[in-house]
Amino acid sequence: MSKKLVAYFSASGVTAKLAKNLSQAIGADLYEIQPEQPYTTADLDWTNKRSRTTREMTDKTFRPAITGKVENMEQYDTVYVGFPKMEYSL
């Protein structure tokens with residue numbers, strides 16, 4: 001029997017809800033990916049060209065550090081990764 005994992009990052013809770021629903025539906029373990037420095041409301045303001053998320057989207061070399069790790073990752077045959085879709089328009 002294959003072992004499945006749903007790993008997700010959710011800034012506002014929408015992706016978290018979907019990830020939890022998916023993991024329950026398919027019988028997978030669930031793991032939340034968390035940034036070392038949590039996001040604030042100001043960080044998530046994609047309309048502000050100086051916000052943290054805007055910098056992350058426009059500068060491909062900038063990626064936030066994460067905290068924690070999945071224990072015994074080798075036990076999983078299938079990994080589903082969920083993350084927010086962030087839009088940016090110039």
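This is a predicted model: local features need pLDDT of at least 70, side-chain atom pairs count only at pLDDT 80 or more; totals for chains, interfaces and linings use all residues.
Reader: What makes β1 and β5 a pair?

Author: Two strands pair if there are at least two bridges between them. Strand β1, residues 4–8, and β5 have five bridges in the parallel sense, so they count as paired.

Reader: Which sheet do they belong to, and in what order do its strands run?

Author: The sheet is open and has three strands, in the order β2-β1-β5, with parallel pairing.

Reader: Why are β2 and β5 called edge strands?

Author: Strands β2 (29–32) and β5 (78–82) each pair on one side only. From one strand to the next, the twist averages 20°.

Reader: What packs on this sheet?

Author: Helix α1 does, touching β1, β2 and β5. The direction of α1 makes about 175° with that of β1. Serine 23 has its place in this helix, which covers residues 14–26.

Reader: Why is serine 23 called buried?

Author: Buried means under 20% relative accessible area. Serine 23 has 6%, so the word applies.

Reader: How do you know that serine 23 touches Val6?

Author: Contact means heavy atoms within 4.5 Å. Leaving aside residues up to four places away in sequence, serine 23 touches Val6, Ala28, Asp29 and Leu30.

Reader: What makes the approach of serine 23 to lysine 20 a polar contact?

Author: The limit for such a pair of N or O atoms is 3.5 Å. Here a polar atom of the serine 23 side chain lies 3.0 Å from the backbone oxygen of lysine 20, so the distance is within the limit.

Methods
Residues are numbered from 1 along each chain as its sequence is written. Side-chain values use heavy atoms; hydrogens and water are left out. Helices (H or I, at least four residues) and strands (E, at least two) are DSSP runs, numbered from the N terminus. Buried means under 20% relative accessible area, exposed over 50%, partly exposed in between (1.4 Å probe, protein chains only). A polar contact is a pair of N or O atoms within 3.5 Å; within protein, one must be able to donate a hydrogen and the other to accept it, and residues adjacent in sequence count only if both atoms are side-chain atoms. Axes are lines fitted to C-alpha atoms, for helices over the stretch in contact, and angles run from 0 to 180 degrees between N-to-C directions.
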